[in-house]
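Open the model in your viewer and keep the selection panel at hand. The tour goes stop by stop.

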Amino acid sequence: MQMKTPDWVKHAVFYQIYPDRFARGAGMVHERGLRFQPWGADPAEQGYQGGDLYGVIDKLDYLKTLGVNALYLNPIFSSASNHRYHTFDYLQVDPLLGGNDALRALLEQAHHRGIKVILDGVFNHASRGFWAFHHILENGGDSPYVDWFMINDWPLRPYHSDETQPPNYEAWWNLPALPKFNIKNPGVRDYLLKVARFWLEFGIDGWRLDVPEEIDDVPFWQAFRRVVKEVNPQAYICGEIWGHAGDWLQGDRFDATMNYTFAWSAMSFIGAASLRRDYIKEHMPLTPLSVSEYRQVVERMLSWYSDEVNQAQLNLLDSHDTARALWIMGEDKPSLALCVLLQMTMPGAPCIYYGDEVGVSGADDPYCREAYPWHEPALQDHDLLATYQSLTRLRHAHPVLRLGDVSFVEADNPELLIFKRELGADKALVVVNRTRELQTVNLPAAEYQNYMQEWPATHSSGAIGNQRRLTLAPQQGVVLVLAPHLFDETLYPGLTKVAAEGNQVKGAG
């Protein structure tokens with residue numbers, strides 16, 4: 001089957017938002033008598049800090065200046081948890097986030113700015129508050145919905161379960177709050193496909209799908225794709241699959257996956273000297289990589305799929321399910337900047353986890369889910385923000401960085417990572433020095449003398465005989481471009497001045 005992925009994704013820079021912790025909206029009106037935690041409270045307390053979709057609307061212009069043109073929202077449907085992976089109403093945006101009206105307003109304002117919006121679909125499991133499961137709790141085996149879930153024994157134990165006495169129904173990770181759907185039940189299938197269709201017709205631009213591998217039902221996912229593409233052929237379907245996705249990306253199910261292989265390999269290579277050795281994460285083999293080892297990982301990763309898929313992969317560094325990239329790399333901001341350089345110059349759609357761009361750091365869940373520090377300007381690293389802005393601008397400015405073929409370049413300095421992107425006559429060369437020492441490299445002048453430097457604003461370059469010599473400071477990257485395209489300032493207002501000033505993190509360029 002011929003694989004075709006949405007064209008817009010190949011040109012997207014995503015921004016992942018955890019709604020309760022991103023921003024409180026000035027226009028949000030809550031019912032009287034509600035009580036939220038203070039903004040910026042310890043995320044370990046697991047309460048609600050009051051972020052909402054109107055808060056996202058308020059920050060759209062900020063996101064635009066960051067170079068973002070697509071949002072990925074963690075779950076927003078009615079739920080009894082701040083992360084909202086415990087859904088109890090799939091057809092209602094949580095009132096604490098502003099309800100369906102807030103989502104409609106967000107879609108209108110985002111689309112007006114050329115920003116796409118995809119939602120998190122949690123279809124493997126619901127919550128014990130989900131209306132059909134609640135019906136079973138009230139009626140036992142007499143409920144008509146008894147086969148919507150997988151019941152093993154009676155009476156149900158929805159609250160009083162532990163390792164010695166687990167839930168007596170199938171539940172995700174044996175958590176009684178998360179009963180698993182019986183996907184083989186035709187009513188369940190119809191319901192979930194209705195949910196998929198409803199929100200696409202509402203106006204969303206695609207789905208990120210939670211733990212899809214746990215729904216081991218190929219016909220269901222094939223039907224899901226048919227429904228999605230029938231409503232909007234350009235809708236994006238991205239699955240949370242942490243490794244090689246195999247048959248999932250053959251054209252009958254997903255367009256792409258969350259590319260955790262990109263994440264762990266980039267951090268293992270760039271952050272090799274500062275990587276936390278005590279952070280162990282399943283499916284993320286974080287261990288220092290040499291230049292040659294990193295090249296092997298990337299070449300294998302790209303060989304798994306066609307260019308059509310690789311250009312649509314969601315290339316993240318961290319997420320709500322991992323520690324923050326900055327924390328993983330020992331608070332080394334120059335290393336974070338170099339990882340972002342790889343995000344913006346390799347095949348795939350970059351995805352920024354909210355707050356990374358201003359230096360938000362933290363260990364694994366729940367510490368990776370803290371509030372964006374709008375309330376504490378001193379906690380926002382504006383030099384790091386300027387680096388993100390200059391790098392997103394770089395990616396938007398050059399189609400070769402989004403669509404070009406990629407190949408690694410051999411050179412006379414084995415400490416440097418060098419790769420080329422090529423799209424017809426347009427070419428780009430990316431040189432990365434992740435070491436703590438000054439590095440030089442000589443390149444054939446006949447091939448590279450006409451390449452112009454695009455990022456950063458300054459670096460040392462000269463000619464020696466028939467060689468073009470580049471000198472890179474410690475933890476610096478350089479991007480050179482042949483036949484660069486003009487940048488459309490009207491699409492990304494505010495970025496041009498930032499890039500022109502060359503504001504980079506010290507040591508990152």
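Which ring does the charged end of Arg276 sit over? Select Arg276 and Trp327: the charged end of Arg276 sits over the ring of Trp327, 4.0 Å from its centre. Here a charge sits over a ring if NZ of Lys or CZ of Arg is within 6 Å of the ring centre and within 35 degrees of the ring normal. Now select Lys59 and Trp374. Lys59 lies over the face of Trp374, at 3.9 Å from the ring centre.

Some ground rules. This is a predicted model, in which local features need pLDDT of at least 70, side-chain atom pairs count only at pLDDT 80 or more, and totals for chains, interfaces and linings use all residues. Residues are numbered from 1 along each chain as its sequence is written, and side-chain values use heavy atoms, with hydrogens and water left out. Helices (H or I, at least four residues) and strands (E, at least two) are DSSP runs, numbered from the N terminus.

**Stop 1: the parallel sheet**

Colour the strands β8-β7-β6-β5-β2-β1-β10-β9. In that order these eight strands form an open sheet with parallel pairing. Two strands pair if DSSP finds at least two bridges between them. β8 (256-257) and β9 (314-316) stand at the edges with a single partner strand each, so one side of each has no neighbour in the sheet.

Zoom to β1, residues 14-17. Phe14 and Gln16 point one way, Tyr15 and Ile17 the other, and all are buried. Buried means under 20% relative accessible area, exposed over 50%, and partly exposed in between (1.4 Å probe, protein chains only). β1 pairs in parallel with β2 (residues 70-73) over four bridges, and Phe14 stands opposite Ala70 in β2. β1 also pairs in parallel with β10 (residues 349-353), over three bridges. There, Tyr15 has Ile352 as its bridge partner.

Move along to β6 (residues 206-209) and β7 (residues 236-239). Four bridges join these parallel strands. Trp207 has Ile237 in β7 as its bridge partner.

**Stop 2: around His125**

Select His125, in the loop between β5 and α4. Is His125 buried or exposed? His125 counts as buried, at 1% relative accessibility. Contact means heavy atoms within 4.5 Å. Leaving aside residues up to four places away in sequence, His125 touches Tyr85, Tyr90, Trp172, Leu178, Pro179, Lys180, Phe181, Asp210 and Val211.

Arg84 is not a glycine, yet its phi is positive, about 65 degrees. Arg84 is buried, with a relative accessible area of 1%. Asn174 also has a positive phi, near 60 degrees, but is partly exposed at 46%. Find Asn174 in the loop between α4 and α5 (186-202).

**Stop 3: aromatic pairs**

Rings of Phe, Tyr and Trp (its six-membered ring) pair if their centres lie within 6.5 Å; planes under 30 degrees apart count as stacked, over 60 as edge-to-face and the rest as tilted. The count comes to 48 aromatic pairs. One of them is Tyr90 with Phe130: edge-to-face, 5.7 Å centre to centre, 85 degrees between the planes. Tyr90 is in β4 (residues 87-93) and Phe130 in the loop between β5 (116-121) and α4 (131-139), 40 residues apart. Both are buried.

**Stop 4: two helices**

Show α7 (residues 260-270) and α8 (residues 291-303). Their axes come within 10 Å and cross at roughly 170 degrees. Axes are lines fitted to C-alpha atoms, for helices over the stretch in contact, and angles run from 0 to 180 degrees between N-to-C directions. Display the side chains: residues including Trp264 and Phe269 in α7 meet a set in α8 that includes Tyr294 and Met301.

**Stop 5: the antiparallel sheet**

Select β11-β12-β13-β18-β15. In this order the five strands make an open sheet with antiparallel pairing. Its edge strands are β11 (405-408) and β15 (452-455), each pairing on one side only. β12 (residues 417-423) and β13 (residues 426-433) pair over seven bridges, with Arg421 opposite Ala428 in β13. Helix α12 (residues 382-397) lies across β15 and β18 (476-482), at about 130 degrees to β15.

Finish with two cis peptide bonds. One joins Asp365 and Pro366, with omega about 15 degrees. The other runs from Trp455 to Pro456, with omega near -5 degrees.
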